[in-house]
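Thanks for coming. I have one model to go through, so please look at the sequence and the structure on the screen.

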Amino acid sequence: MNTGPYSDEKVQKYIAAEFIPVKSQCVWDKRTELMKQFDVAWTPTLLVHDSTGKEHHRVVGFVPVDDFLAHLKLGKAKMFFNRFRFADALDNFTTVIEQHPDAGAVPEAIFFQGVAHYWKSHDPKGLRRAYDTLAARFPQSEWARRALPYKQIPL
Amino acid sequence: MADIKWEKDFHKAVELAGKTNKSLFQDFWFDG
């Protein structure tokens with residue numbers, strides 16, 4: 001039976017369309033090989049992998065539906081980004097930002113949207129825009145501080 | 001409402017992901 005975010009129809013549809021879902025049980029007194037392989041020390045631990053099984057994104061702890069969907073999409077975006085597929089990454093970071101504006105994953109998505117834009121176009125203005133957006137919308141976020149060097153880039 | 005069809009074997013799931021070119025989502029859970 002699916003409980004928590006998994007009982008939500010949007011989550012079910014998104015997972016069915018985009019992922020092969022797998023549940024791996026944790027055993028604390030005798031860690032499983034998968035727990036050791038992925039350094040899992042708390043539950044829930046949610047991992048987004050590419051089609052070869054390589055991890056690209058991780059969430060530890062409960063997340064409600066909107067945050068959950070944003071993390072799944074951020075994971076897909078990071079998977080494209082890590083493979084230098086910057087146009088696909090850009091589309092997916094933008095999806096997180098536009099479809100889940102209040103989700104906790106958004107500041108990270110804005111940061112990497114700027115970087116993906118830079119890699120795709122070699123125009124540094126995308127980095128500056130990422131800083132401006134983070135400074136305006138999420139000034140307390142660590143991602144705003146990470147983007148601070150881009151403040152110097154002229155628009 | 002369609003239930004999610006969970007795989008229970010990670011390695012089988014990777015095999016399926018490779019065949020279908022889908023990403024893989026893994027939920028580590030604890031039945032406390």
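Helices here are DSSP runs of H or I with at least four residues, strands are runs of E with at least two, and both are numbered from the N terminus.

Before I go on, the conventions. This is a predicted model, in which local features need pLDDT of at least 70 and side-chain atom pairs count only at pLDDT 80 or more, while totals for chains, interfaces and linings use all residues. Residues are numbered from 1 along each chain as its sequence is written, chains are lettered from A and ligands numbered from 1 in the order in which they are written, and side-chain values use heavy atoms, with hydrogens and water left out.

Back to H5(A). The helix runs over residues 106-121, which is 16 residues, and spans 22 Å from first C-alpha to last, close to the expected 22 Å. The expected span is 1.5 Å times one less than the number of residues. Among the buried residues of H5(A) are Ile110(A), Phe111(A), Phe112(A) and Val115(A). Buried means under 20% relative accessible area, exposed means over 50%, and partly exposed is in between, with a 1.4 Å probe and protein chains only. What lies over those buried residues? The cover includes strand S3 (55-60), helices H3 (65-82), H4 (86-99) and H7 (142-146), and also H6, in chain A. Contact here means heavy atoms within 4.5 Å.

H3 of chain A also contains Val65(A). Val65(A) is partly exposed, at 24% relative accessible area. Setting aside neighbours within four places in sequence, Val65(A) contacts Pro5(A), Asp8(A) and Val11(A). Val11(A) is 54 residues away from Val65(A) in sequence, but the two C-alpha atoms are 7.3 Å apart.

Next, salt bridges, defined as a side-chain nitrogen of Lys or Arg within 4 Å of a carboxyl oxygen of Asp or Glu. Asp132(A) is partly exposed at 28%, whereas Arg128(A) is buried at 19%. Arg85(A) and Asp88(A) form another, at 2.8 Å; Arg85(A) is partly exposed at 39%, as is Asp88(A) at 28%. In chain B, Glu7(B) pairs with Lys12(B) at 3.8 Å.

Finally, the interface. 27 residues of chain B touch 37 residues of chain A. The two chains bury about 3100 Å² between them, 60% of it on carbon and sulfur atoms. That is the accessible area, with a 1.4 Å probe, lost on putting the two parts together and summed over both. Ser23(B), Phe25(B) and Phe28(B) supply 27% of the area chain B buries against chain A, more than any other three residues.

How many salt bridges cross this interface? The rule finds one. Lys23(A) and Asp27(B) form a salt bridge, with their closest N and O atoms 3.2 Å apart. On the chain B side, the elements giving two or more residues are helix H1 (10-20) and strand S1 (23-29).
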